[in-house]
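Have a look at the structure first.

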Amino acid sequence: MQLKDLFYKISLLATSGSMNTDVTSLTMDSRKVGSGSLFIAVRGTVTDGHNFIETAVRQGAAAILCEEFPAEINPTVAYVQVQDSSRAMGLVAAIFFDHPSQKLKLVGVTGTNGKTSVATLLFRLFRSLGYRCGLLSTVQNQIDDEVIPATHTTPDAITTNQLLTKMLTHGCTHVFMEVSSHAVVQERIAGLTFTGGIFTNITHDHLDFHGTFDHYIRAKKSFFDQLPASAFALTNVDDKRGLVMLQNTPARKESYSLKTLATFKGKVIADSLFGLHMLVDNQEVWFKLIGRFNAYNLLGVYGAAILLGEDPNEVLTLLSGITPPPGRFEQVVSDDKIVGIVDYAHTPDALQNVLETINDLRQANEQIITVVGCGGNRDAAKRPIMAEIACRFSDRVILTSDNPRNEDPMVILEQMQTGVSPVDVKKTKTIEDRHEAIHQAVTLAKPHDIILVAGKGHETYQEIKGVKYDFDDRTVLREAFAERGNQ
Ligand SMILES: CC(=O)N[C@H]1[C@@H](OP(=O)(O)OP(=O)(O)OC[C@H]2O[C@@H](n3ccc(=O)[nH]c3=O)[C@H](O)[C@@H]2O)O[C@H](CO)[C@@H](O)[C@@H]1O[C@H](C)C(=O)N[C@@H](C)C(=O)N[C@H](CCC(=O)O)C(=O)O
Ligand SMILES: Nc1ncnc2c1ncn2[C@@H]1O[C@H](COP(=O)(O)OP(=O)(O)OP(=O)(O)O)[C@@H](O)[C@H]1O
Ligand SMILES: N[C@H](CCC[C@H](N)C(=O)O)C(=O)O
Ligand SMILES: [Mg+2]
C-alpha cells in the first residue's frame, strides 16, 4: 500500500520523501523492522521510539511515522510527521488492514473488574447461539476453538487489526474484546469501529499509571466518548460512575441494574456455592456462576445480547448453562472437603467482593484462610488496602508474593503489612514464597474450611525479575491437598 493511501484521513504536520513509497508492513518496534516496513516511533514510559529511527532505517524501513523528524534524514526513506503518533498508528493500522472492525460486530468491555468475565461469557454465549466468534482478553485471544496467547488485556492497534482480519477470514461475525484504561490512554483502540461498549464498574486500581482517580475515570469515559452514534453504550447504573461514563457519548444509551430502574433489570433470589438464582427481566433463571458481582456480569451480558438483536428466552436458556472463565472463583476441593478457591481478585474491590461472597456462602463455623499478594511495578497504594480487606473478612491471612516483577518482594510485603491493624497481627503470617504460603494454608486448614488463593487466577507463571517461572495456583493447591491426603 502506498503512503498517501495510508494517510488520507490524518492531518500531517510535515513530510519528507515520496508519498508514493510502498509500505508492506507496520511496526512500532525497531527490532521487528524489515524491508518495506513503516516504523512508527512512539514515546513510551521506559524509552522513546524516536531513539530507534536510525536503527529502523538501517534495517530497511521504507518509511517513518513520527512526532519529530530525526537530525539526519535519509533521502531514500519517506518521513511523515504527525501530532500524536500513537493515535495515528491506530488510524493507519485500520486503513492498512482495510477496516476489519467495520465488517463485524465488535463489542468492547471496560471497567476495573469484570472485563474478562463479561467478554468471555459473551464469546461463549454467541458461540452457543451458532455464530463464529472472536475474543481478545487477558486470559487468551481466541478465534472459535483456536487459542492465540495474549500478552496484554488489550493488544496494540496493529496486533488487534491483524487478529480481527484473521477472525474475518475465519468467518467470524462477532468479536468481544476487553478495553483496558491503559489501552484507551495509549490510543490502542484508535481507528476501531465498535458496535457496542459495556461498562462494568470503576474502583481503585492503576493509580500509578493514571495519577489520580479522576484521570482513571476520564480514561474509561473516553472509550464511550469515542463510540459512533450507531453503537450502543450499556452501563451499570448501580456503579456511582455508571451514568458519568455515558455523559458525552454519541451512542445509544442503555443501562442495567440490580437496584433501580434500567433498560435491563435483575434481582438476585439466592446465591450459593452451586450458582446464582436470579430474576432477569422478570424471568426466573439459574446460572452456574457464583457471587453477586457475577449477577452484574450476567446482566451486562444479557443486555448486550439483546441489544445485538438476540431473542431474550434463547439467551437466558443458553446463558444458564455457561461456565465462568478459568481462574475466576475456580474451586479445587480436597478429599477431606477443604474448599480451595482460586480467584483473579487483584484489586481491593474484587478481593472484598469475593470474600463477602465466601462469607455469605459459609454455612457453619468454617474458617476462611486467605492467601494473597500484590503485583510489583503496579499501583502500590492498593497494597495496604488489600491486606486490610483480607484481614477484615478472613480468620487467617497469609500475605505472600504475587508477580514481584522488578520490585523486591519483601518491600511489597512490608507495604501490605502496614494495612494490618494491631488486633489482626496475630492471625496474619507473611511467607514470601507463594508455593510455601499455599502449602502452609493447607496445613492450617481443617475439613470444610475455605482457602481463598487470590490475585493470580488463570496465570500459569510467576514473574520475578523479568523471568516467568512456571506457577499455577490451582496446581500448587492440588499438590498440597494430595500431600495432605498421603499423611
Ligand atoms: C505501561 C505500559 O502500558 N507499557 C506498554 C508500552 O510500553 P512502554 O511505554 O514501556 O514502551 P517503551 O519500552 O518505553 O518503548 C517505547 C517504544 O519504543 C519502541 N522500542 C523500544 C526498544 C527498542 O529497541 N526499539 C523500539 O522500537 C517500543 O516498541 C515502543 O513502541 O507499550 C508497549 C507496546 O505496546 C506495551 O507492551 C507496554 O505494556 C507493558 C508490557 C505492560 O506491562 N503493560 C500493562 C501495564 C498494561 O498495558 N496493562 C493493561 C491491563 C491493565 C488492566 O486493566 O488491568 C493491558 O491492556 O494489558
Ligand atoms: N462485576 C464485577 N465486579 C466486581 N468484581 C468482579 C466483577 N467481576 C469479576 N470480579 C472480580 O474481579 C476478578 C477479575 O475479574 P475479571 O478477570 O473478569 O476482571 P478484568 O476486568 O478482566 O481484570 P483485568 O483488569 O486484570 O483485565 C475476578 O476474579 C473477581 O474476583
Ligand atoms: N491486568 C492486570 C493484572 C494484574 C494481575 C496480578 N496478578 C499482578 O500481576 O499484579 C495488570 O496488568 O495490572
Ligand atoms: Mg481482564
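Which residue forms a salt bridge with Lys221, and how far apart are the closest N and O atoms?

## A pair within one helix

The partner is Asp225, and the closest N and O atoms of the two residues are 3.2 Å apart. Bear in mind that this is a predicted model. Both Lys221 and Asp225 sit in helix 8, which runs over residues 213-225. They are 4 residues apart, or about one turn of that helix.

Side chains of opposite charge can pair when their charged atoms come close. Across the structure, the count of salt bridges comes to 22.

Domain 2 puts 17 residues into the contact, and domain 3 puts in 18 residues.

Three residues stand out on the domain 2 side: His204, Leu273 and Phe293 supply 38% of the area that domain 2 buries against domain 3, more than any other three residues.

What about polar pairing here? On the domain 2 side, the elements giving two or more residues are helix 7 (207-210), strand 14 (264-272) and helix 10 (292-307). By type, the residues on that side come out as 5 nonpolar, 8 polar and 4 charged.

An unreviewed UniProt entry places the feature "binding site" at Ser30, Thr153, Thr154, Ser180, Gln186 and Arg188. These positions span 159 residues in sequence and their farthest two C-alpha atoms are 25.0 Å apart, so they do not all gather at one spot. One of them, Thr154, is in the loop between strand 9 (146-148) and helix 5 (157-170).

The unreviewed UniProt entry also carries the annotation "domain: Mur ligase C-terminal", covering residues 327-457. In the model, the end C-alpha atoms of residues 327-457 lie 4 Å apart. That span is 35% helix and 20% strand.

Methods:
Residues numbered from 1 in each chain as written. Chains lettered and ligands numbered in written order. Predicted model: local features only at pLDDT ≥ 70, side-chain atom pairs only at ≥ 80, totals over all residues. Heavy atoms only, no water. Contact = heavy atoms within 4.5 Å. Buried area = accessible area lost by both parts, 1.4 Å probe. Nonpolar A, V, L, I, M, F, W, Y, C, P; charged D, E, K, R; others polar. UniProt positions renumbered as here; feature names shortened; annotations may be inferred. Salt bridge = Lys/Arg side-chain N within 4 Å of Asp/Glu carboxyl O.
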